[in-house]
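Q: Can we go through this one together? I'd like to start with the terms and then look at the parts.

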Amino acid sequence: MTTAIEVRGLSKKYLRGVHRGQRQLLSQVMTQWGRRLIGRQADIGHVQRAVEPFWALSDVSFTIEQGQVVGIIGRNGSGKSTLLKIIAQITSPTAGEIRLNGRTGTLLEVGTGFHPELTGRENVFLNGAILGMGRAEISRKFDEIVDFSGVEAFIDTPVKRYSSGMQTRLAFSVAAHLEPEILIVDEVLAVGDAEFQKKCLGKMNEVSKVGRTVLFVSHNMSAVDQLCNRIIWLEAGKVVEDSTDTYGVSSRYLFGGKDGSVKGEIRAPEAPVLDTEFFTFRSFRVRDADGKTITGPVPANIDVYVDVGLHMKKLHRALSIGYAISNEAGETVYWTIMTDANDDMVADMHVGDLTLTTKIPPRFLNQGYYRLDFMAGIHYIGWLAEPGKTDLAVFLQVEGGMSDSAFWRHHRPGIVAPVLPWSVEKDVERAATGAVAG
């Protein structure tokens, strides 16, 4: 297979702070002069400041083959955007080298390569020329670009009057339709609406299927899992993981460590983490049927129990305890509260230490990582512990096939993946005579 991108020993150093005698831009000098005029800072151009090196990237190496769709993930400041800017040849590395095989289309910032005084139409041709396209080639693709972007009504309006979302639509459409061998897309899709994001993901998928290479930076792990067949995880300028196990890497990035472990139990320290008028929080955990706290992956076909330990001070008929569960994309899977099935459950409780237990049935949750947030409240009065606001959360990793069928052994679509019973009822009047296909 042909290599599209080769990165070897890539490092990028910046300097934090400024020092006396450092060359400055005219705009910086004017800013300092203005500050002195209004008395905000005295002669800041001669203030000695500590200067220290900051390595945005440190000895990064990888090879990407033609046709791969690679997600670059990592927290803010991990070096993702710096890496893409070097690959796109917008900035130069401090050390190391990059080899590119093919024309590159880049979308790193909203309105990248756009001139604000030019119209959308003029900017399409300007961007195309920057990407190395001839006028005839741009003209041939023009109608398709404008139609995809959805800004046809404003195509002859200066871009400076576009919203950020409109600029992103047009910029992505140009980059994707002018047939680059390598398409580089940063997190700019976050400013688009849901419908356009779906179109962009579809277009990048389409681009990859014809043998082109895509580099995609995003904090949306659902989009990364959907689109990418490989993930490079950066932290502090270094590669943490580089794998085709996209689902596993994104899940570990969100919830766990490289050993696959997840947090399975929270217990209150000596100073209570949650002390209300009605109870003091003691513990929150997920466990198996034998009572063992779950701290790692569990198969999908076992019962999982959720225990909440409390010290009750007094009872209230409308008291409700429960949890909210969400997946790795941050989507709420469901809420469950102890009074859902029994309005009078408080009658079974008592003052003192107790444990409330519920069960997640087998073959219900889809394969993946889940966050369970403790919640408590008094119905129609208010929260005692609002989900996601107390940091009282445990994590659960479910893995394995979600079906007994020999025809479907892979990760199934959907937030949940229950195995539901089916039956056949013969309609005597319409019974068909014939063999089953296959």
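A: One definition to begin with: a residue is called buried under 20% relative accessible area, exposed over 50%, and partly exposed in between. Also keep in mind that this is a predicted model.

Q: Ok, so is Arg371 buried, partly exposed or exposed?
A: Arg371 has a relative accessible area of 22%, so it counts as partly exposed.

Q: What does Arg371 form a salt bridge with?
A: With Asp373. The closest N and O atoms of the two are 2.8 Å apart.

Q: And is Asp373 buried or exposed?
A: Asp373 is buried, because its relative accessibility is 7% and the cut-off for buried is under 20%.

Q: How many salt bridges are there in the whole structure?
A: A search of the whole structure gives 15.

Q: Which residue does Lys313 meet in a salt bridge?
A: Asp275, with 2.6 Å from N to O between the side chains. Lys313 sits in the loop between E13 and strand E14 (319-327), and Asp275 in the loop between E10 and E11, so this pair ties together parts that are 38 residues apart in sequence.

Q: How accessible are those two?
A: Lys313 has a relative accessible area of 37%, so it is partly exposed. Asp275 is partly exposed too, because its value is 46%.

Q: What about Asp303, which side chain does it meet?
A: The side chain of Lys359, in a salt bridge of 3.8 Å, N to O. Asp303 is in the loop between strand E12 (298-299) and E13, while Lys359 is in strand E16, so parts 56 residues apart in sequence are tied together. Asp303 is partly exposed at 25% relative accessible area, and Lys359 is partly exposed at 42%.

Q: Which residues are linked in a network of salt bridges?
A: Arg285, Arg287 and Asp307.

Q: Changing topic: in what order do the four strands of the open sheet come?
A: The order is E10-E11-E13-E16, and the pairing is antiparallel.

Q: Which strands stand at the edges?
A: Strand E10 (265-267) and strand E16 (352-360). Each has a single partner strand, so one side of each has no neighbour in the sheet. On average, neighbouring strands in this sheet are turned by 15° against each other, ignoring direction.

Q: Now helices. At what angle do the axes of H3 and H4 cross?
A: At roughly 130°, and the axes come within 10 Å. H3 covers residues 120-130 and H4 covers residues 135-149. The two helices are therefore oblique to each other, and H3 passes H4 in a right-handed crossing.

Q: Which residues of H3 meet H4?
A: Arg121, Val124, Phe125, Gly128 and Ala129. On the H4 side, the residues they meet are Arg135, Ile138, Ser139, Phe142 and Ile145.

Q: Why do numbers three or four apart keep turning up in lists like that?
A: An α-helix has 3.6 residues a turn, so residues three or four places apart point the same way.

Conventions
Residues numbered from 1 in each chain as written. Predicted model: local features only at pLDDT ≥ 70, side-chain atom pairs only at ≥ 80, totals over all residues. Heavy atoms only, no water. Pairing = 2+ DSSP bridges. Axes fitted to C-alpha atoms, helices over the stretch in contact; angles between N-to-C directions. Salt bridge = Lys/Arg side-chain N within 4 Å of Asp/Glu carboxyl O. Buried < 20%, exposed > 50% of the residue type's maximum accessible area, 1.4 Å probe, protein only. Parallel < 35°, antiparallel > 145°, perpendicular 65-115°, else oblique. Left-handed = near helix turned anticlockwise from the far one by under 90°. Contact = heavy atoms within 4.5 Å.
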